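Have a look at the model first.

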Amino acid sequence: MPTLLHIDSSADLAHSRSRALTAAFADAWHARGPEYTVVRRDLHTSPLPHLETSALHWAATDRTAEESVDPSAEALRQQVIDELLAADAVVIGAPLYNYTVPSTLKAWIDRVHVPGVLAGDVQPLAGRPVVTVVSRGGTYDAGTPTEHWDHGSPVLELILASALGMRQYPVTVSATLADRLPDLAPLADHAAAEFHDAKTTLERLATTVV
């Protein structure tokens, strides 16, 4: 029974582009057949706490004698890790907030990026497909002053693809605030076309990743 882990982190529950796109992927996944199940984790409506202690950065066997972890915090981290390990594919919505990933998504990353458990010399998720949907309010085109201001996409690539060894499929849409900010208004049609293309790409991808 192929399982998709569907993760959202946008604080906008009504008009979020990233939510709309991850939903399109999840719908296309489920449409493949009743055996294609979806597990939902909404990091905004049900946020994970920030790490209770820095000891959670490490596997239990790698902690020092002075480091201790509350059993409930250990259990929560294990729950999040087990949920990820049980997924055959993952789709993550990651809007760009102040040039990086939302803090809610960072809290999830902090619980799964554990050397010796999912990262480092041990990579049980190696080759597992993960689709990352990054929505950006502005534009970050090559050659512009803001070209290197997207600090969210590199985080996702570094953690998911490099550290965890997953097979990443990045999908990005920009100028999502063109309908709200006058300076971006001339890009409204381009943003709409980009969103449409991204949705088509994700719907096609959902039928092939596993």
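Five helices and five strands make up the secondary structure of the chain, counting DSSP runs of H or I with at least four residues as helices and of E with at least two as strands, numbered from the N terminus. Starting at the N terminus, the order is β-α-β-α-β-α-β-α-β-α. The radius of gyration is 18 Å, close to the 17 Å that the globule rule gives for 210 residues, so the chain is as compact as a globular protein of that length. That radius is taken over C-alpha atoms, and the rule is 2.2 Å times the number of residues to the power 0.38.

This is a predicted model: local features need pLDDT of at least 70, side-chain atom pairs count only at pLDDT 80 or more, and totals for chains, interfaces and linings use all residues. Residues are numbered from 1 along each chain as its sequence is written, and side-chain values use heavy atoms, leaving out hydrogens and water.

Buried here means under 20% relative accessible area (1.4 Å probe, protein chains only), and contact means heavy atoms within 4.5 Å.

| Property of the chain | Value |
|---|---|
| Buried share of the 210 residues | 45% |
| Contacts between residues at least 6 apart in sequence that join residues at least 24 apart | 77% |

Now for helix 1 (residues 17-30). Its buried residues include Leu21, Phe25 and Trp29. Among the elements covering the buried residues of helix 1 are strand 1 (3-8), strand 2 (37-42) and helix 5 (188-205).

Notes
Buried means under 20% relative accessible area, exposed over 50%, partly exposed in between (1.4 Å probe, protein chains only).
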